[in-house]
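Subject: A structure for you to look at

Hi there,

Here is the structure I promised to pass on. Please open it alongside this email, and my notes on what turned up follow below.

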Amino acid sequence: MTSSIEVSIVIPTLRERASLERLLPRLFAVLRTANLAAEVVIVDDSSRDDTDSLCRELAKHHALRLITRTEERGLATAVLKGLSEAAGEICVVMDADSSHPPEAVPALVEAARSPFCDVAIGTGEGPVVALRADLDALAMEDDKDVAYRSTVAGVAHACGHDVH
């Protein structure tokens, strides 16, 4: 890979400017402290809350890219779009509402660096679960939303977690 970016953090958004104002300073501080070569990829579904202007301002000082979608909508396809545009070898997906704490990113990245890991999942209880998984099914599925949810559910179930 020619990029110096090791980690891409994908954050899907719809009317999340206020959440991003709280999340991104914490996330950038964590990335700096952990010395991670990372980018943040915001995939926004044409919010009208000035998410775009916030991202443009932050991009002046941080590795942040904004992808604004005008034709397609939805969480799963936003995540898949962000993953397809990510420059990093390791990808982290997190929500803008801080339900995924940015402080967990270094542990997720460390788990994902293992040659025995394809997927690392942070859990509400704190530990990071890492495992091997066949992710080719996700790329081949026609219904991306179903594929995304079933892949995440399958990985979580394999780790002993129930997903509803």
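One cut-off first: a residue counts as buried under 20% relative accessible area, as exposed over 50%, and as partly exposed in between. With 33% relative accessibility, His100 therefore falls into the partly exposed class. Please keep in mind that this is a predicted model, so every value here is computed from predicted coordinates.

While we are on His100, you will find this residue in the loop that links β4 (90–93) to α4 (105–112). Leaving aside residues up to four places away in sequence, His100 touches Val93, Met94 and Asp95.

Now for the overall layout. The chain contains six helices and six strands, and reading from the N terminus their order is β-α-β-α-β-α-β-α-β-β-α-α. There are 164 residues in the chain, and 37% of them count as buried. If you take the contacts between residues at least 6 apart in sequence, 64% join residues at least 24 apart.

The pair of helices I looked at in detail is α1 (residues 17–33) and α2 (residues 51–59). Their axes come within 9 Å and cross at roughly 25°. Since angles under 35 degrees count as roughly parallel, α1 and α2 are therefore roughly parallel to each other. The crossing of α1 past α2 is right-handed. On the α1 side, the contact is made by Arg17, Leu20, Glu21 and Leu24, while α2 brings in Thr51, Ser53, Leu54, Cys55 and Leu58. By type, the residues of this contact comprise five nonpolar, two polar and two charged.

Which residues of α2 are buried? They are Thr51, Leu54, Cys55 and Leu58. Looking down the axis of α2, these buried residues fall within an arc of 95°, so they line one face of the helix.

Best wishes

Technical notes. Residues are numbered from 1 along each chain as its sequence is written. This is a predicted model: local features need pLDDT of at least 70, side-chain atom pairs count only at pLDDT 80 or more; totals for chains, interfaces and linings use all residues. Side-chain values use heavy atoms; hydrogens and water are left out. Axes are lines fitted to C-alpha atoms, for helices over the stretch in contact, and angles run from 0 to 180 degrees between N-to-C directions. Helices (H or I, at least four residues) and strands (E, at least two) are DSSP runs, numbered from the N terminus. Angles under 35 degrees count as roughly parallel, over 145 as roughly antiparallel, 65 to 115 as roughly perpendicular and the rest as oblique. A crossing is left-handed if the near helix is turned anticlockwise from the far one by less than a right angle, and right-handed if clockwise. Contact means heavy atoms within 4.5 Å. Ala, Val, Leu, Ile, Met, Phe, Trp, Tyr, Cys and Pro count as nonpolar, Asp, Glu, Lys and Arg as charged, and the others, Gly among them, as polar. Buried means under 20% relative accessible area, exposed over 50%, partly exposed in between (1.4 Å probe, protein chains only). The arc is that of the directions from the helix axis to the C-beta atoms.
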